[in-house]
Structures are given as C-alpha cells and as structure tokens.
Amino acid sequence: MKSAPFTYHRPTSETELGELLLAHDGAKLLAGGQSLLAMMNLRYVQPDHVIDLAALAHLKGVMLVNNLAVVGAMTTQAQLMTDTVISAHCPLMVGALRHVGHRQTRSRGTLGGSLCHLDPAAELPAVALCHDAVLEIVSASGRRDVGIEDWFIAYMTPALGEGEYLSRIRLASKPKGHGWGFREFARRQGDFALAGAACLLIVDDEQRISDARAVVFGVETRPRRLSAVEAALIGSAPSAALFARLTSETRALEAVDDAYASGAYRRRLGGVMLGQALTDAARRATGGLA
Amino acid sequence: MSDIRSIRLNVNGVYHEFLAESRTHLADALRKHLGLTGTHLGCEHGVCGACTILADGQPVRACLILAVQAQEMRIVTIEGLAATDKTHPVQDAMAACGGLQCGFCTPGVVASLVALLEEDPVRSREDIREAVSGHLCRCTGYQGMVDAGVKAAAMMQADR
C-alpha cells in the first residue's frame with residue numbers, strides 16, 4: 001500500500017510547468033491527490049514523474065467574469081463550498097459538494113482534479129454538465145476550449161492530450177431565482193453514489209418552465225444529460241405528476257453492472273433520484289411547485 | 001530511481017528535517033521519520049480516516065498527501081493536541097462519553113472533531129455525525145463519539 005517510486009516536480013510558473021510536460025511523457029499531474037495518491041498507493045497507477053500543481057497560484061480561486069463563474073482548476077472543494085460567487089451563481093455545486101467525499105478529503109480535493117479523474121459516480125462532472133461548463137486547456141502549443149459534452153471520451157477518460165493540462169473551468173451563471181436539485185443514493189455518507197441526479201429549473205412569471213437541465217450520474221460510465229426530459233419540462237408547469245412520469249426516462253440508459261448494484265437497479269434508482277431532484281428544484285425556484 | 005530529498009516539516013510547532021523518498025506519504029513520515037506513532041494508518045487509500053491530522057487547521061488524510069507537499073503547512077497531530085499539561089476539550093469529552101474503545105480510529109476522529117469545533121463550536125448533532133462519518137470505527141457504534149462531539153461543543157462554547 002505504498003506508491004512505487006517516482007520523481008517529484010513542483011513547478012512555480014506556467015513556463016516551468018510547460019517545460020516539465022514536454023520533458024516527461026506520461027507524467028501525472030497531481031492536483032489535490034485525493035484520487036491519484038490513493039490509486040498510486042494501490043499501484044493501479046505507477047508514474048515515473050509526478051508534477052504537483054500546488055505552487056501555481058494562477059490555478060486557484062473563483063472570479064465572476066461576464067456572468068460566468070471562472071474557477072481555477074486547483075480550487076479546493078472546501079473553498080468552493082464557502083465561496084460567495086459559487087453560492088450566488090452556482091448553488092447546485094454547494095449542494096452537490098456536501099456529498100463529495102468527506103470534509104477530510106474536500107480540504108484537499110479540487111474541482112479540476114475531479115473533472116480530470118472523471119469517476120462515473122462523481123458529483124462535480126454532473127454539476128459541470130448542468131452549468132454548461134467550458135474547460136480551458138493549456139499546452140505548449142497554446143490554449144483551447146472544450147465544451148463539457150466533448151470532455152467525456154470514455155470510461156474515466158477526459159479529452160486531455162499528452163502535454164496538456166486543465167487550467168480553468170467556466171460555469172454559466174443561471175438567472176436569479178432558478179431552482180436546483182441534487183440527490184444521490186449511497187450506502188454510507190461520503191461513498192460514491194450508486195446513482196444520483198442533478199437538475200436546474202427556471203420558472204417564468206406564468207409558472208412555466210422556461211429552461212431546464214437534467215443530468216443523472218453513476219448510472220452509465222459517464223454522467224448523462226437527458227435531453228428528452230429537458231424537452232418535456234420546457235414549456236410545462238412544474239408538477240408532481242409530470243416529474244413522476246419523467247422518472248421512467250432513465251430506462252433506456254446503458255447502465256453499469258457491478259458487484260454493488262445491477263444495471264437495472266441503477267436505471268430505476270437514477271429515475272427515482274431524478275424525480276426527487278426535480279421536486280427539490282421546483283420547490284426552490286421562484287414560483288414553486290404548482 | 002529513488003528520488004531522495006531533504007524534507008522540512010513543521011509538526012506541533014517544532015521544525016524537523018530528514019531525508020526521505022518523495023513517494024513517502026505524510027503519515028509514514030510522521031510515524032517512521034519523526035517517531036510520532038499517534039497517527040495511525042489503516043487503509044492507506046483515504047477511506048478509513050485513521051490517519052487524519054490537521055494541516056493549517058483543516059482535517060486531511062495523511063496517507064493522501066506526500067510529506068514533500070506538506071513542507072509549507074502547519075501540521076498538528078494527536079501528540080500536539082495534548083502537548084501541554086491540559087488535554088483538549090474534545091479529548092476530555094471522548095473519555096467522558098465513551099467515545100472510544102480500542103483506540104485505533106481515535107486520533108483521527110479527535111482531529112476531525114477539533115477542526116470542526118475550532119472553526120465554529122456552534123454545531124448541530126447532524127454536523128458532528130457528518131464529521132465523524134469520515135472515519136471507520138469498528139467498536140463503538142459511533143453514538144459515544146457523537147455524544148462526545150456534542151459535549152465538547154458545549155464546553156468550547158462556554159470557554160469562548
């Protein structure tokens with residue numbers, strides 16, 4: 001249960017980081033280490049070089065720019081939970097963070113780390129989908145933006161090439177008065193969820209849903225935005241009957257079967273979580289549940 | 001290709017310098033290089049919570065941080081909480097409420113409760129349950145340690 005040997009690097013500038021990435025193929029970037037160091041201790045991962053991002057101040061903190069919450073990839077989950085920009089513009093994230101690991105891991109774990117690790121049951125990638133996240137990727141050859149839908153390449157594999165790193169995440173701010181819901185089921189507090197759902201609802205003055213995001217996670221190998229659910233929500237009045245009907249929309253998902261739960265159970269549970277999250281979101285939205 | 005380096009740590013208010021491989025995690029550094037065996041090691045992948053210590057006042061898993069990363073942090077271990085002749089209110093409450101039995105998980109649980117209550121001693125029973133949920137205890141059934149958290153919170157509020 002000890003990591004294999006590696007060489008440790010701690011760049012203090014973007015230039016130095018760029019040089020290290022060029023010099024060491026297959027180097028692992030270390031963010032908060034709450035997944036990577038565990039995987040290294042278990043020797044699932046045995047990198048020759050580890051590049052610690054901790055000394056790069058420009059990767060930390062949250063700013064509000066043009067109605068976007070711009071989050072440095074190295075901002076810790078504990079910091080996000082108490083950040084004023086995040087609470088005002090992305091309250092769904094604060095709700096989700098209560099389920100991310102434990103206090104003892106949120107103190108080190110980061111948003112960027114979670115998005116790059118990409119566990120199928122992770123909460124933060126689902127939040128990123130709800131908030132139309134754009135990921136700013138940097139490499140020696142420049143910068144590029146990746147939309148969150150294009151980020152999921154395969155099981156636990158983000159669209160991050162050799163020599164690239166995630167620097168910032170831009171989250172779209174939703175209008176004041178929007179409602180959010182976040183539900184997951186795990187056997188114990190802090191465990192990865194067997195299934196969960198995150199959603200946002202914007203309800204207009206006529207009590208109609210004008211915009212919606214509905215995401216389930218922990219069911220498939222990646223969090224999934226449910227476009228059919230969103231289409232059914234938009235234009236409708238929020239109601240318990242509508243939400244109950246939409247819970248069946250998770251039946252067509254390609255669910256993961258494993259030792260903890262069958263695919264059929266995950267699909268069903270994902271639907272239940274979706275119904276509960278929608279109900280919470282409607283209750284929180286200005287206008288409320290009809 | 002072992003990457004051996006000189007590591008300087010501030011632990012319980014004292015600076016220590018030693019040579020270790022960069023792969024050495026903080027819990028091993030505390031136990032093997034500094035002889036501070038009050039920090040226990042269970043799973044070594046961040047699940048059991050036994051190795052929880054305080055880094056700059058925050059509870060962290062000492063198995064999921066490298067010693068080389070912890071050089072600029074103020075580390076406090078269970079030895080540091082009781083360094084003076086007076087135990088911490090959380091320690092007193094754990095003893096009074098039967099919050100421990102075999103003691104393996106206890107240093108980590110105490111660290112988590114100290115972090116929670118020193119940040120703000122006004123905490124609900126639910127907050128305390130959530131804080132200790134990051135620890136596996138196979139003896140107590142947790143009720144004693146939750147009671148201890150509630151009692152320590154009251155003691156620390158009275159002391160303010």
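The paragraphs below treat the domains of one chain and then the contact between two chains.

The model is predicted. Chain A is divided into three parts: domain 1 covers residues 7–52, domain 2 covers 57–172 and domain 3 covers 179–286. The centres of domain 2 of chain A and domain 3 of chain A, taken over C-alpha atoms, lie 21 Å apart. Their contact draws on 23 residues from domain 2 of chain A and 21 residues from domain 3 of chain A.

Between them, domain 2 of chain A and domain 3 of chain A bury about 2000 Å², and carbon and sulfur atoms account for 65% of this area. On the side of domain 2 of chain A, the residues that lose the most area to domain 3 of chain A are Leu92(A), Pro120(A) and Cys130(A), which together make up 25% of what that side buries.

Charged and polar pairs also occur across this interface. Two salt bridges are found between domain 2 of chain A and domain 3 of chain A. Glu149(A) and Arg222(A) form a salt bridge in which the closest N and O atoms are 3.0 Å apart. Four residue pairs are in polar contact between domain 2 of chain A and domain 3 of chain A, with both residues at pLDDT 80 or more. On the side of domain 2 of chain A that touches domain 3 of chain A, the elements giving two or more residues are helix H5 (91–97) and helix H8 (123–130) of chain A. H8(A) provides the largest share of that side, six residues. By residue class, that side of domain 2 of chain A holds 13 nonpolar, five polar and five charged residues.

The contact between the chains comes next. It takes 31 residues from chain A and 38 residues from chain B. The area buried between chain A and chain B is about 2800 Å², with 51% of it from carbon and sulfur atoms. In chain A, Tyr8(A), Arg103(A) and Gln104(A) lose the most area to chain B, together 26% of what that side buries.

Five salt bridges are counted between chain A and chain B. Arg103(A) takes part in a salt bridge with Glu119(B), at 3.6 Å from N to O. Across the interface of chain A and chain B there are 16 residue pairs in polar contact, both residues being at pLDDT 80 or more. Strand E1 (7–9), helix H2 (36–41) and helix H6 (103–106) of chain A each give two or more residues to the side of chain A that touches chain B. The largest share of that side, four residues, comes from H6(A). The residues on the side of chain A that touches chain B comprise 10 nonpolar, 11 polar and 10 charged.

Terms used. Residues numbered from 1 in each chain as written. Chains lettered and ligands numbered in written order. Predicted model: local features only at pLDDT ≥ 70, side-chain atom pairs only at ≥ 80, totals over all residues. Heavy atoms only, no water. Domains from an automatic or database assignment. Contact = heavy atoms within 4.5 Å. Buried area = accessible area lost by both parts, 1.4 Å probe. Salt bridge = Lys/Arg side-chain N within 4 Å of Asp/Glu carboxyl O. Polar contact = N/O pair within 3.5 Å; in protein donor to acceptor, adjacent residues only side chain to side chain. Nonpolar A, V, L, I, M, F, W, Y, C, P; charged D, E, K, R; others polar.
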